Amino acid sequence: MTEAASPPVTMGKPALVALSALALATGALESVVTPTLPLLQRELGMSPAEGALLSIVLLITGALITPIAGKLGDRYGGKPVLIKLMSVVSVGGLVSALAPNLPVLLFGQVLQGAMVGALPLSFILVRKHLPAGDAKVAIGWVSGLFVGGGMVGTLTAGPVAEQLSRHWMFALPTIAVIVSTMALNRLMPRDSPGRSEGARIDWPGFALLSATLVTLMLLLALASDVASKPLVVVGLVVLLAAFTAGWVAVERRSAAPMVDLRMLAQPAVWKSCLLTFVICVGTACAVYLVPQLFAVSGDGYGFGAGATLIGFYLLPGAVAASLAGPLGGIGTRRFGSRAVVTTGAVMMAVALLALAAVHTEVWHLIVAKALIALANGLCVTAMVSSTATSVDQGDTGIATSLVLVTRVLGFAVGVQFSGAVLTAGIPAGSEVPAESAFVIGLVIAGVVTALALLITRTMRKGVTE
């Protein structure tokens, strides 16, 4: 009782700067594979299937690590767990930078996936060391820099890989992660451990969730081949259902579950998770389809842009994504989460549907992509901020982990879905998708995003304030 009543140590500006720098660096390291995947496939002799595996392994491991990191951070303190986690990420970045072949690179990406768990740990530190109003703004700032770092990585990875080597595109952001982690360790105040009960890791839950996510990714990857492999797809559906049911049963009965599903009984949490998933599916479709549309040289559409030019075209989106976090935090504090999410969902749905209808000029894609990036940042920041400040302080990491896991899953589902749509839209004898495939993907993404408006209408104002 005495420890709970004592005033917390306030986080100074240098500590917040170090935390922000770490978010920027990890975001950059997370994103370097996507724009350079064709280069990596050529240099390492990867097949398309191996390239797809490389592109999603970080998402899968991140979704697994995040709830564990949040849980341990709530119970042992955010700072010590974050430092240890970033040590693993740093090793993973160095392994990826030095990797001579695909297996070693995959191992490095598995270790790097731990970086996704840094966000809930950052939110624990912000929540413990700042007043509630300032914490919302700080959460938005850190979230925005993580997103902005991802865009920086997307913009710079190609030029670095082409001018230096693929090794340096991993090494440079890893060096930034190491430096910012050292600064954070020195500047961030110690946070006292929270609850200590049930601190053991739920290994059965971890194994079942791992199997569930791997099966889901395989099912999405094979979705476009359902006509040629119906039995395989049906088998994966059955397997996915079995793993999911087993995982839910284990988590509900576990004394120390990997993911506390009881938290989903709170409207603020489960509605935030559902909204985050829907918004991120729509965002991921644009993230995948817009660069493809820039690059494709189809009959009567596309622009045939190279990697450097595509990075330049995506620069406005990088700026919008970086600003979205702080704006979302300020907007949430002033107007409430529901208003911010509604604004973002409308903006994103309109941009996706407009882009489906009109995409004949480069500026059409640039403007739409920037609006989508801004809308995504506003929505996700509002959901995370609302969740982090609507539960007990000791549950901050667990609750925000649920939201961030659904963010990762939504993004993975959206990317895989978009890839399946383009694959199915390739005419016989051609290697280029038909323009109609892009239109279908964007329309479906816009409709899915619009579903978020139905969810926000069911919310009482107090739930999301």
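Me: What share of the contacts with a separation of 6 or more comes from residues 24 or more positions apart?
Reply: They account for 82% of those contacts in the protein. Contact means heavy atoms within 4.5 Å. This is a predicted model: local features need pLDDT of at least 70, side-chain atom pairs count only at pLDDT 80 or more, and totals for chains, interfaces and linings use all residues. Residues are numbered from 1 along each chain as its sequence is written, and side-chain values use heavy atoms, with hydrogens and water left out.

Me: OK. How many helices and strands?
Reply: The protein has 18 helices and 0 strands. Both are DSSP runs, numbered from the N terminus: helices are H or I with at least four residues, strands are E with at least two.

Me: How much of the protein is buried?
Reply: Buried residues make up 55% of its 465 residues. Buried means under 20% relative accessible area, exposed over 50%, and partly exposed in between, with a 1.4 Å probe and protein chains only.

Me: Take T276. Buried or exposed?
Reply: T276 counts as buried because its relative accessibility is 1%. T276 is found in helix α12, residues 267-295.

Me: What does T276 touch?
Reply: Leaving aside neighbours within four places in sequence, T276 is in contact with M383, V403, T406 and R407.

Me: New topic. Which residues have the most contacts inside the largest nonpolar core?
Reply: L82, L184 and F294. That core has 113 residues. A nonpolar core is a set of buried Ala, Val, Leu, Ile, Met, Phe, Trp, Tyr and Cys residues joined through side-chain atoms within 4.5 Å.

Me: And what does L82 touch?
Reply: Not counting residues up to four places away in sequence, L82 touches L19, L22, A118, L121, S122, L125 and L184.

Me: L19 and L22 are in which list of buried residues?
Reply: That of helix α2. Its buried residues also include A15, A18 and E30. Helix α2 covers residues 13-30.

Me: Which helix gives the largest share?
Reply: α14, with 4 residues. V319 lies in α14, and V319 counts as partly exposed because its relative accessibility is 45%.

Note on methods: The expected span of a helix is 1.5 Å times one less than its number of residues.
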